[in-house]
Amino acid sequence: MGAGPRTTGILERIAANFAALWPGGALRIDVVDPYPPGGGRVWRDGQSPRMLMNSRARDVTMFTDDSVECAGPVTPGPTLFEWAAGPHARETPVAGVAAEARSLAPDSFPSRRLAGAYLAWCFDRARTSLPPGVEVHDHRAAAVALTDRPGGRQRVALCDGSFVDADVVVLAQGNIDGSMDAAQRQHASSAARWGGAYLPPSCTADVDLSAFPPGADVIVSGLGLAFVDLMSLMSEGRGGRFVRDDGGGLRYEASGSEPVLWVGSRRGVPHLPKNGLRTRGAEPGPARFATVANFKAALAGAPDGPAPGAGPAPAPEADPAPDLWSLTAKEVGWGYYRELFTGHPGRTAVSWADFARAYAELPWDGPESRALIRRSVPTADDRLDLDALRRPLAGRRFPSGRALDAWMRRHVRASVDRATRPVHSAWAGAARALFEAGNELGELLVSDGDALGPGGERDIERISEFNSFFTSGPPPFRLEQLMALSDAGLVHFLGAGLRVRADETAGFFAAASDSLADEFRGRYFVEARLAAPDARGGEDRLLRGLIARGRATARRPADAENASRLVAREGDYRITEPSGEPHPRRYALGAFATGGSLGSFSVPGTNSPFFRQNDDVGRRLIRQLRALRSVP
């Protein structure tokens, strides 16, 4: 179920492993999705060309390489950039995609529809790589029910009234739709009565924005990637254009059809722009502190040493023992300072060897480590302050919205500088370290996800939120566009700790924040973020039905009315039934399920968990299906 990157990746691994695991075998694979195979809904070809990936073309691949530690064979293939430079991209029938491919550079941020064309080609390549006895059929329909048949076979009912029978089913629907909670339903009802509009959390590219008229004051909650999409659709998508002047500055020429966006969030600032800098100093190595072994030791309440080969073990951490967050933060600091000391030694007061030895022995962010950094890094702007980075508006109160707007323009322009100017390459070192820590954390979730406990789960949520903010932000030029819209008076900022309520008496939404004394009022409100997946109450009829009939379970966070994930067994991805036993013929991988399933696209040369998971699942399926075929 699902025809996006996950299914494409599993199909490629089945093709790579089939001959060795089932020589001469025969197999039929049915792929069910209302959208074309390869890209699925998120990467479909019919969306606006303004909807971009937040990854560079050189950093996107669907193929294994020599870095991938998997049981199956490595089958190299082109990155998105390499594919776009070759003949296949020129053959795509999607209007405008071939022209975009011709102009693509390694550091370009491709459109999502170009990524979809790449995924469609990857799917077709995997299909044609299968041996003669294996065939693939795709069904352009939604799956609405999954039931057991006699003998263990599975039946999938489709929305067109047909059905597909299979021996094994893999649920890989990707980003499923969520549901509205009581407050959101009330917002929608109130806005309709007032003659305004309310947009709940959703994929911005999928919704109709015509309810937000030119000149309307629109309150927006959220400054992440969904907001960046909204900003683009409400500006260039309404006929305006960005123009770069002779000095390199960017300005916006309005069409007159734009609304005015008043935007804030919990943090109050946008996600950091995608860092494209190369490190200049010592080559980044494997994770040193944020390792699976150290994570497990932290969960058990006992510190552990650095990774094998990473040098002498640090002294035991001071009480309290390190948690998952402090290990991750220490890894980020290690990557940052390694690049600062080895890439820009003139800005440090001691050698990297001396600093590294002392840093490794001290707990993260304790008084001794802070003193070490002050002695070793003379300039305050060169010191890494993760608290200030994560909460730059904490404790700040502005006398007016105009003062906040001015501060925000300075802050965002500084964040663009840090992502684009080589003098700031230490931030690239930090990003690489966080990437490595994330891979280690992914391994932990696969192997020991059930052992996290409440504290571990809180740390995972904190790390995930920080990772999204730090490494999964928009292209730098998108934040330049945000500043141009602010200069043009089409974007204003509301600050941190944003709270929006419906004032039923006055007929307005009222927005307040920790950054401003006054409320802002308007009849239009957008929650610019993806809806949390809701397996129990969302729009996916198949998942909803499984849970309602007692054939699967869903895990709901304690503080969420409208979020739940299908429970799948850690490490082997089989769906867990209410009895606690896994269903032998049903698997689930994706953001809608537990089980440690991660990612879609992967960076080349990084031993991505995405590839290792796909290889594991592909090999499991081949072996299981071969065993079922041998049963009389």
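This report describes strands, a helix, cavities, cysteines and backbone features of one structure. The model is predicted, so that local features are taken only where pLDDT is at least 70 and side-chain atom pairs only at pLDDT 80 or more, while totals for chains, interfaces and linings use all residues. Residues are numbered from 1 along each chain as its sequence is written, and side-chain values use heavy atoms, with hydrogens and water left out.

## Strands

Helices (H or I, at least four residues) and strands (E, at least two) are DSSP runs, numbered from the N terminus. Burial is judged by relative accessible area, with buried meaning under 20%, exposed over 50% and partly exposed in between (1.4 Å probe, protein chains only). Strand β8 (residues 217–221) has 4 of its 5 residues buried, so it is largely enclosed by the rest of the structure. Two strands are said to pair if DSSP finds at least two bridges between them. On this basis β8 pairs in the parallel sense with strand β11 (residues 260–264) over 5 bridges, and also in the parallel sense with strand β16 (residues 524–527) over 4 bridges. Isoleucine 219 takes part in both pairings: this residue stands opposite tryptophan 262 in β11, and its bridge partner in β16 is phenylalanine 525.

Strand β1 (residues 27–32) is likewise mostly covered, with 5 of its 6 residues buried. Its parallel pairing with strand β2 (residues 134–139) runs over 6 bridges, and within β2 histidine 137 is the bridge partner of aspartate 30.

## Cavities

A cavity is defined on a 1 Å grid over the protein atoms alone, as a set of points where a 1.4 Å probe fits but cannot get out, and its lining residues have an atom within 4 Å of a point. Grid points are joined across faces, edges and corners, and a volume is the space filled by probe spheres set on the points. The structure holds 4 cavities of 30 Å³ or more. For the lining classes, Ala, Val, Leu, Ile, Met, Phe, Trp, Tyr, Cys and Pro count as nonpolar, Asp, Glu, Lys and Arg as charged, and the others, Gly among them, as polar.

| Cavity | Volume | Lining classes |
|---|---|---|
| Largest cavity | about 100 Å³ | 6 nonpolar, 2 polar and 1 charged residues |
| Second largest cavity | about 50 Å³ | 7 nonpolar, 1 polar and 1 charged residues |

Leu272, Pro273, Asn275, Ser415, Arg418, Ala419, Trp427, Ala431 and Phe470 line the largest cavity. The elements that contribute two or more residues to this lining are α13 (401–420) and α14 (426–448), and α13 gives the most, with 3 residues. Serine 415, which belongs to the lining of the largest cavity, has its place in helix α13 and is buried, with a relative accessible area of 6%. The C-alpha atom of serine 415 is separated by 32 Å from that of aspartate 177, and the two residues are 238 residues apart along the chain.

The second largest cavity is lined by Met231, Met234, Ser235, Glu258, Pro259, Leu261, Leu485, Leu490 and Val491. Among these residues, Leu485 is also one of the buried residues of helix α16.

## Helix α16

## Cysteines

With a disulfide defined as a pair of cysteine sulfur atoms within 2.5 Å, a search of the whole structure finds 0 disulfides. The sulfur of cysteine 159 lies 20 Å from the closest cysteine sulfur, that of cysteine 203, which is too far for a bond. Cysteine 159 is partly exposed, at a relative accessible area of 49%, and cysteine 203 also counts as partly exposed, at 21% relative accessibility.

## Positive phi angles

Aspartate 365, although not a glycine, has a positive phi of about 60 degrees. Aspartate 365 is found in the loop between α10 (352–361) and α11 (367–376) and is partly exposed, with a relative accessible area of 34%. Asparagine 607, another residue other than glycine, has a positive phi near 50 degrees. Asparagine 607 is found in the loop between β20 (582–588) and α18 (609–630), and at 16% relative accessibility asparagine 607 counts as buried.

Methods
On a 1 Å grid over the protein atoms alone, a cavity is a set of points where a 1.4 Å probe fits but cannot get out, and a pocket is an open set with protein on both sides within 12 Å along at least five of seven lines; lining residues have an atom within 4 Å of a point.
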